[in-house]
Amino acid sequence: MGSEQLFTLFVVMCRWVAVGNEPFLTGYNGSYLNSTLPALRNIVNALQKAGQADTVKAIIPFNADILDGAALPSQTRFKVEYLDQILPMLQIFNNTNAPFSVNLYPFISKYQNPDFPLDFAFFMGTTSPVNDPPNVYNNALDASLDALIAALRAAGYPNMPVLLGEIGWPTDGNEFATVALAGQYNQQLINHLQSNVGTPLRPGVFTEFYMFGLLDENIKSILPGPYERHWGMFFYDGVAKYDLNLAAGTNAAVQTLQSAEYPPYMSAQYCVLNTFADMTNLTQNVDFACSRSDCTPLYPGSSCAFLTPEQNASYSFNAYFQFQNQDPNACNFQGLAKITAENPSVGTCRFPIGLVKYTPAKNPNSGSSPGVRNLSTVLVVTVFTLLLNTLFCFV
């Protein structure tokens, strides 16, 4: 099969082709400022040559860094320093009938500013509305969407559709990142957007949206904050974190998150602190374990932040042990650790168990092992399939 055939096979399964992700993020220091526009042009041309341009659209998922941060939504504009890049992009989106895609996270506003009112994020009305006459904003999402719409109007594209490429709430890594708050936010988000109430600048207009994310990502960079590894609606094992009605606000029957029925766990064994050991090198060994696994639940305000120093060490050792597929040699730490069958989980602090790796039989004709190599991948596919034909059709 030639490359063009492969490309065609791929794109017919998609609605959008994302060209990068948040390329103008301030943290990138302009690294993608001059390469994103040429890449967009290349993808648009490729879609046209493949005969897919009518059904598959090239988009760029932007973040709020492209806006100037004006005090009121109606006053918001694209940052002047990005106009040379953004204006040609807008022209391409307009010519190809593609939406303007943006990732919005009210949680990050709360994370960066503890005084940010939670009720403003959670669609519950607010004691601090944004007055932008003649409009009044009682929630952060509508204010953010209309800020973008105002910028699009000022740029000459008042009717360009807006797509929420990512939106959600994390469940760990911060005092405001909890399972309860994430479930509440995501349900209210679905209720609000699927009610078709729209925003003050676009009343009655539905904004297409994609929830972020499916599963937690336990090796993702935590440079923005430890919460970055915990956006999933499912734990790493495919177990739903909270109840969610995906069909709320529509005439469809209730559609809820479905947990994986039989997660492929490894043996029920954990690596914990040996309390009879010499503790001289405990700190160094804990640091070693956490540098090679995920210890973000131990951060201040997180689900395991309340652990005693001994339990903290056990969590760290176990995280590394599970990352190493329960290799007995990974539970030593200079004699500081031991393997136990007793689950050390406490309250909201869940000690993980690894997932079984699966290697299928070799294909005798090819000498290779085809198919999925890890049951965690099967888990992702299984859980994702449960969500198809609801909100989650983004590939």
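S101 is found in strand β3, a strand here being a DSSP run of E with at least two residues, while a helix is a run of H or I with at least four, both numbered from the N terminus. This is a predicted model, in which local features need pLDDT of at least 70 and side-chain atom pairs count only at pLDDT 80 or more, while totals for chains, interfaces and linings use all residues. Residues are numbered from 1 along each chain as its sequence is written, and side-chain values use heavy atoms, with hydrogens and water left out.

Is S101 buried or exposed? S101 counts as buried because its relative accessibility is 1%. Buried means under 20% relative accessible area, exposed means over 50%, and partly exposed lies in between, with a 1.4 Å probe and protein chains only. Leaving aside neighbours within four places in sequence, S101 is in contact (heavy atoms within 4.5 Å) with I59, I60, P61, F62, L163 and G165.

Now the sheet. Strands of a sheet pair through backbone hydrogen bonds, either parallel or antiparallel. In this model, an open sheet of three strands runs in the order β3-β6-β7, with parallel pairing; two strands pair if DSSP finds at least two bridges between them. β3 (100–103) and β7 (208–211) are at the edges with a single partner strand each, so one side of each has no neighbour in the sheet. From one strand to the next, the twist averages 20 degrees. Axes are lines fitted to C-alpha atoms, for helices over the stretch in contact, and angles run from 0 to 180 degrees between N-to-C directions.

β3 pairs with β6 (residues 162–167) in the parallel sense over four bridges. Within that pair, N103 stands opposite E166 in β6. Two helices pack on the sheet. Helix α6 (residues 140–154) touches β3 and β6, and its direction makes about 135 degrees with that of β6. Helix α7 (residues 179–194) touches β6 and β7, at about 165 degrees to the direction of β7.

Next, a residue in a helix. T36 is in helix α2 (residues 36–49). T36 counts as buried because its relative accessibility is 6%. Not counting residues up to four places away in sequence, T36 touches V19, P23, F24, I60 and M89. I60 is also on the contact list of S101.

On to charged side chains. How many salt bridges are there? The count comes to six, a salt bridge being a side-chain nitrogen of Lys or Arg within 4 Å of a carboxyl oxygen of Asp or Glu. K241 and D216 form one, at 2.7 Å from N to O. Both K241 and D216 are in the loop between β7 and β8 (270–273), 25 residues apart. K241 is buried, with a relative accessible area of 9%, and D216 is buried at 18%.

In another, R350 and D237 have their closest N and O atoms 2.4 Å apart. R350 is in the loop between β9 (337–340) and α10 (375–387), and D237, 113 residues away, is in the loop between β7 and β8. R350 is partly exposed at 33%, whereas D237 is buried at 0%.

E228 and K220 also form a salt bridge, at 2.9 Å, and E217, K220 and E228 are linked in a network.

Last, the whole protein. There are ten helices and nine strands, and buried residues make up 47% of the 395 residues.
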